[in-house]
Amino acid sequence: MSAGTHVDRSAPAVDRTGTRIIDADGHIVETDETFADVPARYAHHIPRPEATDGGFRYVSGDRAGFTIAAHPDTVGAPGATIGADQPLDAPLVARGGSDPAGRLLDLDVDGISMAALYPTYGLMIQGVTDDAAASALCRSLNDWLADYCRHDPERLLPVATLPMTTPESAVAEAERCLDLGFVGTWRRPERFDGVAALHDPGHERLFALLADADRPLAIHPGLNGVVPYGYFGERFDDDYSAMHAAHFPVEQMMNLTSLVAFGILERHPTLRVALLETGATWLPFYAHRLDEHLETFGFPVELSTKPSEQIRRQVYVSVEEPEPGLATMLESYGRNVVFASDYPHGDGTFPGSTDDLLATTEIDEQARERIFWANARALYGLDPRP
């Protein structure tokens, strides 16, 4: 796990004068110290890169992922995407992945006021199905992230990683992290043996806790091979690009289906949910499809509110750029879209993560302000309740 390097970046390419920006989905990159507090008996579960003939793979416990044709530091090097044509020597690692002082400098480069922060290696630990081990990993990661954000708590906003093993463990860690000042919680989208489904009745306490605390639940994907991904690997012969293209939106559609079809959003009308790193313009189409299915077939629970109305009220999606159809979407879902940089991951853009949305003429200034600022403040409960 690399601590990153301090690299000078170029000046911004567009004028950001007067624009307030929140990054609703940025990442830290864990170091060896992140999991230093994990008891020795669980240490083999800590996710780590392992060199292979063609690059590297991730390993956690007895699970090993597919080979990725790149250097492991691509996870913290914007623009260094993985693939067979990528060099295997060390990429240019962003300074802010592990260094909060460097993070603030890089936020300034892209004109970002504050950033909600998610893990990188931590995207893998929810694949651990030993409950005690999963909880220990989450505690250590969350404590490290809390320390990172204490460097500037007004600008660096921690989001808690919850164990997926049991509802009880998820609630316990959520309560602990909310007491520490975390602005939200997150879990992975997959359903596999050894973890509780999103619509497991045991999660009702978690949903109620978050709704009462005015904090969201985010669903964040990440394809690494150590979290079970079986169907996608079988369908696409373990090709990373093909799996990555399908995994993110398909899993998020399935999670949105669970949130609606099993009555989670209707039972908890003040619970906010973010479906991250999957783009935005798929949402109106799928909301319409859920409306049709409610009318034609019904769902496992009786709903008194149309799925599209629940989604408009409670669900957020993120954009990194002006997607085709975004302006049209915003006419009906103007309060449901937030900006996300994905910094410092290889498929993100830095410097210049905000440039395209700032420069586009396809959306007006009111829509831009909502995407960059107001919607994220609402998502993370950063404004006082009325």
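## Acidic surface patch

E320, E321, D347 and D356 form a patch of negative charge on the surface. Patches consist of residues with over 30% relative accessible area and no salt bridge, like charges being joined within 9 Å and nonpolar side chains (Val, Leu, Ile, Met, Phe, Trp, Tyr) within 5 Å. Asp and Glu count as negative and Lys and Arg as positive, while His and the chain ends are not counted. Each charge is placed at NZ of Lys, CZ of Arg, CG of Asp or CD of Glu. Accessible areas follow the Shrake-Rupley method with a 1.4 Å probe, and for residues only the protein chains shown count as cover.

D356 is partly exposed because its relative accessibility is 45%; buried means under 20% relative accessible area, exposed over 50%, and partly exposed in between.

## Model and overall fold

The model is predicted: local features need pLDDT of at least 70, side-chain atom pairs count only at pLDDT 80 or more, and totals for chains, interfaces and linings use all residues. Residues are numbered from 1 along each chain as its sequence is written, and side-chain values use heavy atoms, with hydrogens and water left out.

The protein has 13 helices and 11 strands. These are DSSP runs numbered from the N terminus, with helices (H or I) of at least four residues and strands (E) of at least two. Along the principal axes, the C-alpha atoms fill a box of roughly 55 × 50 × 45 Å. Of the 386 residues, 59% are buried.

## Salt bridges

The whole structure contains 14 salt bridges, each defined by a side-chain nitrogen of Lys or Arg within 4 Å of a carboxyl oxygen of Asp or Glu. One of them pairs D108 with R155 at 2.9 Å, N to O. D108 lies in helix α1 (residues 100-109) and R155 in the loop between α3 (131-149) and β6 (156-161), so this pair ties together parts that are 47 residues apart in sequence. D108 is partly exposed at 46% relative accessibility, whereas R155 is buried at 18%.

E204 and R267 form another salt bridge, with their closest N and O atoms 2.8 Å apart. Here helix α5 (residues 204-213), which holds E204, is tied to helix α8 (residues 264-267), which holds R267, and the parts are 63 residues apart in sequence. E204 is partly exposed, with a relative accessible area of 23%, and R267 is partly exposed at 42%. Within helix α13 (residues 365-379), E365 and R368 are three residues apart, about one turn of the helix, and their side chains meet in a salt bridge of 2.7 Å, N to O. E365 is exposed at 56%, while R368 is buried at 7%. Shared partners also join D143, E173 and R176 into one salt-bridge network.

## Backbone features

Y343 to P344 is a cis peptide bond with omega near 0°, and F350 and P351 are joined by a cis peptide bond with omega about -5°. P344 is in the loop between β11 (337-339) and α12, and P351 is in the loop between β11 and α12.

D214, not a glycine, has a positive phi of about 65°. D214 sits in the loop between α5 and β8 (217-219) and is buried at 16% relative accessibility. E277 has a positive phi near 60°, lies in the loop between β9 (273-275) and α9 (282-296), and is buried at 15%.

Terms used: Buried < 20%, exposed > 50% of the residue type's maximum accessible area, 1.4 Å probe, protein only.
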